[in-house]
Amino acid sequence: MTTLRLYITEAWPDEPACEWVLLGNNGLAEAGGTSPPADWPAAKRTELVLAGPQTIYLRLSLPKGSRRPSARQIAYGLEDQLIRDPDKQHFTLAKQEGETADVIVIDRDRLAQIVAKLSELGRPPTRIVSEMEVAEAPVHVAWSVLRRAQHAILQGAGPLPTCVD
């Protein structure tokens, strides 16, 4: 099944051109480019990689013996780390190990805007990830920087990746 993977920056859809890669049935890249939606290739699935500044990666301490925390527990636990109202955020549990959970946070209205616009274009997303989730640090290094045009992702300076403008 072919997959169109889009790199969605914080300027999208006001600036409609975005980077994309078309993955073939074998999961390997067949084509890529930067273009507005009208010029994106046809694909069965659409996946998104949200540029770093749109999401934050936070760590949450859980009570002993906790199972998978609910959205309400996550919001309560992260409240002091958030600038905006937790009720206006969307939380995704990225990883949980024992009494620690790593959570990706995005503004709920921004996420809804992206999904609505892509659905309007006939490209409803089947998977959405944060750039900070998929930016891999090289093996055996203390820290690394992934530099993009408008931001950078710093890994290794703390327990979680950090995006800086």
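**Figure 1. The open sheet of three strands.** In this predicted model, three strands form an open sheet in the order β5-β7-β6, and their pairing is antiparallel. Helices (H or I, at least four residues) and strands (E, at least two) are DSSP runs, numbered from the N terminus, and two strands pair if DSSP finds at least two bridges between them. Because β5 (55–61) and β6 (89–97) stand at the edges with a single partner strand each, one side of each has no neighbour in the sheet. From one strand to the next, the twist averages 25 degrees; axes are lines fitted to C-alpha atoms, for helices over the stretch in contact, and angles run from 0 to 180 degrees between N-to-C directions. Residues are numbered from 1 along each chain as its sequence is written. The model being predicted, local features need pLDDT of at least 70 and side-chain atom pairs count only at pLDDT 80 or more, while totals for chains, interfaces and linings use all residues; side-chain values use heavy atoms, with hydrogens and water left out.

Figure 2. Eight bridges pair β6 with β7 (residues 100–107) in the antiparallel sense. E97 has T100 of β7 as its bridge partner. The two strands form a hairpin with two residues between them, and G98 in the turn has a positive phi of about 60 degrees. Helix α1 (residues 71–78) lies across β5, β6 and β7, and runs at about 90 degrees to β5. Helix α2 (residues 108–120) also packs on the sheet, where α2 touches β6 and β7; the direction of α2 makes about 65 degrees with that of β7.

Figure 3. F91 lies in strand β6. Is F91 buried or exposed? F91 counts as buried because its relative accessibility is 13%; buried means under 20% relative accessible area, exposed over 50%, and partly exposed in between (1.4 Å probe, protein chains only). Apart from neighbours within four places in sequence, F91 is in contact with A71, I74, A75, L78, L82, P86, V103, I104 and V105, where contact means heavy atoms within 4.5 Å. F91 and L58 are 33 residues apart in sequence, and their C-alpha atoms are 10.0 Å apart in space.

**Figure 4. The open sheet of five strands.** Five strands form an open sheet in the order β3-β2-β1-β4-β8, with mixed pairing. The edges are β3 (29–35) and β8 (127–130), each of which has a single partner strand, so one side of each is left without a neighbour in the sheet. The twist from one strand to the next averages 20 degrees. Strands β4 and β8 run parallel and are joined by four bridges. V49 has V129 of β8 as its bridge partner. E47 lies in strand β4, and with a relative accessibility of 6% E47 counts as buried. Leaving aside neighbours within four places in sequence, the contacts of E47 are T3, L4, R5, L6, T126 and R127.

**Figure 5. The nonpolar cores.** A nonpolar core is a set of buried Ala, Val, Leu, Ile, Met, Phe, Trp, Tyr and Cys residues joined through side-chain atoms within 4.5 Å. In soluble globular proteins, nonpolar side chains tend to be buried together. The largest core has 14 residues, and L6, I8, W12, W40, I114 and L118 have the most contacts inside it. At least two residues of this core come from each of β1 (3–8), β2 (18–23), β4 (45–50) and α2. Apart from neighbours within four places in sequence, I8 is in contact with C18, L48, V49, L50, A51, Q54, R110 and I114. A second, separate core has twelve residues, among them L58, L62, F91 and V105.

**Figure 6. The largest pocket.** The space in the largest pocket is about 300 Å³. On a 1 Å grid over the protein atoms alone, a pocket is an open set of points where a 1.4 Å probe fits, with protein on both sides within 12 Å along at least five of seven lines; lining residues have an atom within 4 Å of a point. Grid points are joined across faces, edges and corners, and a volume is the space filled by probe spheres set on the points. The lining has 13 residues, of which P53, Q54, I56, R84 and Q89 are the closest to the centre of the pocket. Two or more lining residues come from each of β5 and β7, and β7 gives the most, with three residues.
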